[in-house]
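Here is a short briefing to read beside the sequence and the 3D view.

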Amino acid sequence: MDKVVAYHLPGGWGLVSVSPFCLKLDAFLRMTGIPHEAVTATTPFGGPKGKAPWIEHEGRKIGDSTLIILYLKERFGVDPDACLTQAQRGQALAIQRLVEENLYWAMVNDRWNTAENWPVLKGSVLGGIPAIPRTIMAPFARRGVLKQLKGQGMGHHSPEEIAAIAKRDIDALAAMLDGQDWFFGDEPTETDCVVYSLLANVYQVGFASPIKPVIAGHANLVSFLERFAARFYPA
Ligand SMILES: N[C@@H](CCC(=O)N[C@@H](CS)C(=O)NCC(=O)O)C(=O)O
């Protein structure tokens, strides 16, 4: 069977990618041991959905981390969620929606809608683009993301409201993890990839964020991030 080629946005601060969706896919590939090659893309435009990550496999291009993971589970016959009950599968989906459809947008707001983070963003998320095109593209990219933030809804809230929204999500994740090693017990599942990739992309990166101290305030989440990195990203 052909090797999977996974395209992700650039990394930084010890993370393979500063995009949570790209990092989630990378973590899933490591968790399942699927043979793959990780390729850094400077922009998401090469993907079939105009977003990163995407993969190429057996002549096909597939976009969207969740659709890619569904494809990989089917094609390679691997599923770290195989032991979950139907109720746990429901909880896994609810956690994914919380992280990817809500908390993600608070992270996006921190990065793209906070003046002090603009230079950090230019040097990281946009850092792979050569200097001259980056100077031209950066304001357009920013305008596009601010439009997405309004369209999704998060961009209509004040900074204080967004911080409070994100805090409720983080507190809920900490309560669900409780004293366990992984979200569904003794073995890691896809949910752990989902949560790790977003939280590490807030906690571990150089962007200022009111969400960082909230994560730091939950010792179980901090231990979870360390546990995940030690297992799947050993030094
Ligand atoms: N639902 C998608 C979301 C992917 C996504 O939003 N990726 C961001 C990077 S974190 C992106 O490529 N954004 C570029 C854009 O929206 O123009 C997935 O799970 O892959």
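Does Glu 58 count as buried or exposed? Glu 58 has 9 C-beta neighbours inside 10 Å, so it counts as exposed. Keep in mind that this is a predicted model.

- Glu 58 sits in the loop between E3 and strand E4 (60–63).
- Its phi is positive, about 50°, although Glu 58 is not a glycine.
- Asp 64 also has a positive phi, near 85°, and is a residue other than glycine.
- The loop that holds Asp 64 runs between E4 and H2.
- Asp 64 counts as partly exposed because it has 18 C-beta neighbours inside 10 Å.

**Ligand shell**

- Eleven positions need checking in the viewer if you count along this list: Leu 9, Ser 19, Pro 20, Phe 21, Pro 44, Lys 51, Ala 52, Pro 53, Asp 64, Ser 65 and Thr 66 surround the ligand.
- Asp 64, with its positive phi, is one of these shell residues.
- Two helices, H1 (20–32) and H2 (65–76), each supply at least two residues of the shell.
- By class, the shell has six nonpolar, three polar and two charged residues.

**A cis peptide bond in the shell**

- Ala 52 and Pro 53 are both among the residues around the ligand.
- The peptide bond from Ala 52 to Pro 53 is cis. Its omega is near 5°.
- Pro 53 belongs to the loop between strand E2 (36–40) and strand E3 (54–57).

**Packing of H3 and H7**

- Helix H3 (residues 86–112) packs with helix H7 (residues 190–203) at an angle of about 15°. Their axes are 10 Å apart.
- H3 is therefore roughly parallel to H7, since angles under 35 degrees count as roughly parallel.
- The two helices cross in a left-handed sense.
- From H3, the contact uses Ala 92, Ile 95, Gln 96, Val 99, Glu 100, Leu 103, Tyr 104 and Met 107.
- From H7, it uses Glu 190, Thr 191, Val 194, Val 195, Leu 198, Asn 201 and Val 202.
- Sorted by class, this contact has ten nonpolar, three polar and two charged residues.

Notes: Residues numbered from 1 in each chain as written. Predicted model: local features only at pLDDT ≥ 70, side-chain atom pairs only at ≥ 80, totals over all residues. Axes fitted to C-alpha atoms, helices over the stretch in contact; angles between N-to-C directions. Helix = DSSP H or I, 4+ residues; strand = E, 2+ residues; numbered from the N terminus. Parallel < 35°, antiparallel > 145°, perpendicular 65-115°, else oblique. Left-handed = near helix turned anticlockwise from the far one by under 90°. Contact = placed C-beta atoms within 7 Å. Nonpolar A, V, L, I, M, F, W, Y, C, P; charged D, E, K, R; others polar. Near = placed C-beta within 6 Å. Buried ≥ 20, exposed ≤ 12 C-beta atoms within 10 Å, placed from the backbone.
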